[in-house]
Amino acid sequence: MRADANGAWDRPTARRALERFAEHRVRYVEQPLPASDLEGLAALRDRTSVGVGVDESLPERGLGACLDAGAADVVVLKPMALGGPDRTLAAARRVRSAGLEAVVTTTVDAVYARTAAVHVAAAIPEVPACGLATAALLAEDLADDPAPVEGGEIAVPEGKGNVPGPVAWRGA
Ligand SMILES: [Mg+2]
């Protein structure tokens, strides 16, 4: 089980929350402190068995600063926010080299970017469970989903990347 505070807590609140989450075997909490508070995130890691994840800290402070500060156990990578698949994979390699977990998720993207995120995740060796089941958050999508979540898993499409079937704009 994982949680995401989206940077909403202050340091005392985050400390209390993670202490309670530890009792319930929550694996990690994304962004328990505001994106800019790398020092606080690093201090939080020292106080709890619950992992600390960074998400919004990446665009705000940069991956290098997050790694240098020791601010995270888990780094959440969003290809559409990081500049695409190649940059995301490069970031994942840096994260893994630092001994941390890299998790791929989406920015609640439509099918094309979401499918690209699936391919990015699949290209990371032994990637942990990712946050790619975001299609249901959309009221409608741009095309049929070639990589739907089924039973908690996604079969990575093996074709050239084309979404099968007619690609018709479904928006208003
Ligand atoms: Mg998040």
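Buried means under 20% relative accessible area. I keep that cut-off at hand for a model that is predicted.

**Entry: T88**

I looked up T88 and found 0% relative accessibility, so T88 counts as buried. T88 sits in helix 6, which covers residues 85–97. Next I followed the side chain of T88. This side chain reaches the backbone oxygen of G84 at 2.7 Å. Then I set aside the neighbours of T88 within four places in sequence. The contacts of T88 that remain are L77, K78, P79, L82 and V120.

Is E30 buried or exposed? E30 has a relative accessible area of 13%, so I noted E30 as buried. D4 has 36% relative accessibility, so D4 counts as partly exposed.

**Entry: V118**

I found V118 in helix 7, residues 111–122. V118 has 6% relative accessibility, so V118 counts as buried. I again left out neighbours within four places in sequence. V118 is then in contact with L132, I154, V156 and P157. I also checked V118 against T105, 13 residues apart along the chain. Their C-alpha atoms are separated by 8.5 Å.

How values were computed
Residues numbered from 1 in each chain as written. Predicted model: local features only at pLDDT ≥ 70, side-chain atom pairs only at ≥ 80, totals over all residues. Heavy atoms only, no water. Helix = DSSP H or I, 4+ residues; strand = E, 2+ residues; numbered from the N terminus. Buried < 20%, exposed > 50% of the residue type's maximum accessible area, 1.4 Å probe, protein only. Polar contact = N/O pair within 3.5 Å; in protein donor to acceptor, adjacent residues only side chain to side chain. Contact = heavy atoms within 4.5 Å.
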